[in-house]
Amino acid sequence: MSTFQPETIRVRETRISCDGSGDIPAALGHPKVWLQIDEKGYVDCGYCDRRFILIGGPADNGKG
């Protein structure tokens, strides 16, 4: 049995946007949403489950 691991993206800003694109065209993603990284040092997108980790923040392990 495998466990789904959402994509992790390290970012330099605490306010970021996500539209679900990346390796796929933006038209196949989801509506663009703005996300705010809080004191935990990360935020998860409610649409695609991507996790955005603030570089140098408490959740940053240097990988991803």
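Is Arg-51 buried, exposed or partly exposed? In this predicted model, Arg-51 comes out as partly exposed, with a relative accessible area of 28%. Its bridge partner across the strands is Asp-44, and the two also form a salt bridge, with the closest N and O atoms 2.6 Å apart. Asp-44 is likewise partly exposed, at 35%.

That pairing belongs to a hairpin made by E4 and E5, with 6 residues between the strands. Strand E4 (residues 42–44) runs antiparallel to E5, and 3 bridges hold the pairing. In the turn sits Asp-49, whose phi is positive at about 65°.

Strand E5 also pairs with E1 (residues 8–11), this time in parallel and over 4 bridges. Here Arg-10 stands opposite Ile-53. Arg-10 has a salt bridge of its own, meeting the side chain of Asp-60 at 2.9 Å, N to O. This one ties together distant parts of the chain, since Asp-60 lies in the segment after E5 and Arg-10 in strand E1, 50 residues apart. Arg-10 is partly exposed, with 29% relative accessibility.

Phe-52, also in E5, tells another story: its relative accessible area is 5%, so it counts as buried. Its contacts beyond the sequence neighbours include Ile-9, Val-11, Leu-35, Ile-37, Tyr-42 and Val-43. The C-alpha atoms of Phe-52 and Arg-10 are 5.7 Å apart, although 42 residues separate them along the chain.

The salt-bridge count comes to 4. Among them is Lys-40 with Asp-38, at 3.7 Å between the closest N and O atoms. Lys-40 is partly exposed at 43%, and Asp-38 is partly exposed at 33%.

Methods. Residues numbered from 1 in each chain as written. Predicted model: local features only at pLDDT ≥ 70, side-chain atom pairs only at ≥ 80, totals over all residues. Heavy atoms only, no water. Helix = DSSP H or I, 4+ residues; strand = E, 2+ residues; numbered from the N terminus. Buried < 20%, exposed > 50% of the residue type's maximum accessible area, 1.4 Å probe, protein only. Contact = heavy atoms within 4.5 Å. Pairing = 2+ DSSP bridges. Lists of a residue's contacts leave out its neighbours within four places in sequence.
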